[in-house]
Amino acid sequence: MPITVKALQKFGPDQPFKVTEIERRDPREDDIVIDIKAAGICHSDIHTIRNEWGEAHFPLAVGHEIAGVVEAVGSKVTKFKVGDRVGVGCLVNSCGECEQCAAGFENNCLNGAVGTYNSKDVDGSITQGGYAQKVTVNERFVLRIPDAMEFDVAAPLLCAGITTYSPLARWKVEPGQKVAILGLGGLGHMGVQIAAAMGAEVTVLSRSLKKADAAKELGAYRTLATTEEGFFTEHRGEFDLILNTISAPIDLDAYLGLLKPRGIMSVVGLPPEALPLHLNRLIGGGKVLTGNNIGGIPETQEMLDFCAQNGIAAVIEKVGIDEADAAYERVVAGDAQFRIVIDTATFNDAEVTA
């Protein structure tokens with residue numbers, strides 16, 4: 001029989017969250033039921049809910065930063081047992097057979113990966129995310145959370161952590177390289193910690209210096225204000241790699257000018273608008289403009305282990321389910337320091353309102 005759990009859902013882009021009851025499938029032979037302890041709020045959740053990335057399927061529970069404990073396992077599950085500390089990120093299924101899945105890049109599944117929410121599952125239903133008490137997931141998409149990590153600081157790593165780790169690992173950041181992190185928000189604060197742990201000299205690029213002290217505590221060498229007069233001239237050709245984490249329009253031409261010849265800008269922030277680009281900014285100096293979309297399951301586990309080994313964790317604020325709407329407004333306003341995580345224990349005494 002399906003499992004009935006409480007969840008936070010929206011019924012439209014301008015509607016408040018309501019506490020509802022949703023059904024999770026009874027575990028199939030290769031499924032795991034997870035008792036969710038913490039669910040991170042990601043800017044992707046907000047883009048989705050507000051129809052900024054296309055029409056969402058309402059009513060919808062979002063959330064793809066999930067940390068919790070295994071409550072039940074299917075008869076053929078071999079990787080996990082009841083009581084294990086686990087997490088789920090942005091994916092809950094893929095074909096498992098194409099060349100991308102075989103190579104461990106399930107996020108690039110050629111037959112279409114299944115997102116943790118707002119995605120059509122194998123049974124035709126629309127997936128519902130982690131703003132809930134429990135979730136049922138195929139064991140292939142479950143990650144092991146190291147014992148050294150608390151659930152609330154581990155949850156954001158399942159999106160923000162892998163989103164920043166993957167491009168830094170892909171482009172082989174090494175000790176001594178000059179890496180700039182563009183934006184010090186939910187993604188950027190993870191990028192600073194990870195790049196610093198890889199040995200890079202990390203510079204935060206921000207509109208102002210108001211987060212300079214926080215950046216230094218996270219491991220940044222310095223913070224530069226991009227709005228200062230002459231900034232783009234003074235720092236021309238300075239960086240080996242720029243990790244662009246912001247989800248707002250920028251002057252790509254100007255920022256590409258900050259790269260050394262053969263330098264790399266990896267974009268992980270996704271603004272809804274198209275951005276203009278003059279190709280001479282790439283051709284001159286043989287520079288690379290690339291993007292990165294989370295990572296596959298093996299790389300996500302690698303990231304969790306790397307963070308545990310290097311004492312890296314998300315900097316978070318915890319909120320109850322009744323504070324989720326206000327949290328969204330704070331994330332959009334850039335007022336979160338640096339990730340907001342829902343304490344799912346607050347579902348226990350909540351009344352169903354829809």
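This is a predicted model: local features need pLDDT of at least 70, side-chain atom pairs count only at pLDDT 80 or more; totals for chains, interfaces and linings use all residues.
Figure 1. Gly161, Ile162, Tyr165, Ser166 and Ala169 of α4 meet Glu299, Thr300, Glu302, Met303 and Phe306 of α10, a contact being heavy atoms within 4.5 Å. By class, the residues of this contact are five nonpolar, three polar and two charged; Ala, Val, Leu, Ile, Met, Phe, Trp, Tyr, Cys and Pro count as nonpolar, Asp, Glu, Lys and Arg as charged, and the others, Gly among them, as polar. Helix α4 spans residues 160–170 and helix α10 residues 297–309; they pack at an angle of about 95°, with axes 10 Å apart. The axes are lines fitted to C-alpha atoms, for helices over the stretch in contact, and angles run from 0 to 180 degrees between N-to-C directions. The two helices, α4 and α10, are therefore roughly perpendicular, the class for angles of 65 to 115 degrees (under 35 is roughly parallel, over 145 roughly antiparallel, the rest oblique). Local features need pLDDT of at least 70 and side-chain atom pairs pLDDT 80 or more, whereas totals for chains, interfaces and linings use all residues. Residues are numbered from 1 along each chain as its sequence is written, and side-chain values use heavy atoms, without hydrogens and water.

**Figure 2. Nonpolar cores and the surroundings of valine 179**. The largest nonpolar core holds 64 residues, and Val142, Leu168, Val179, Val192 and Ile194 have the most contacts inside it. Its largest share, five residues, comes from α10. Such a core is a set of buried Ala, Val, Leu, Ile, Met, Phe, Trp, Tyr and Cys residues joined through side-chain atoms within 4.5 Å; buried means under 20% relative accessible area, exposed over 50% and partly exposed in between (1.4 Å probe, protein chains only). Residues up to four places away in sequence aside, valine 179 touches Leu168, Val173, Ala195, Ala200, Glu201, Val202, Thr203, Phe239 and Leu241.

**Figure 3. Glycine 199 in the loop between α5 and β11**. The loop joins α5 (188–197) to β11 (201–206); helices (H or I, at least four residues) and strands (E, at least two) are DSSP runs numbered from the N terminus. Glycine 199 is partly exposed, with a relative accessible area of 31%. Beyond residues up to four places away in sequence, glycine 199 touches Glu174, Pro175 and Gly176. Glycine 199 and glycine 176 are 23 residues apart in sequence, and their C-alpha atoms lie 6.3 Å apart.
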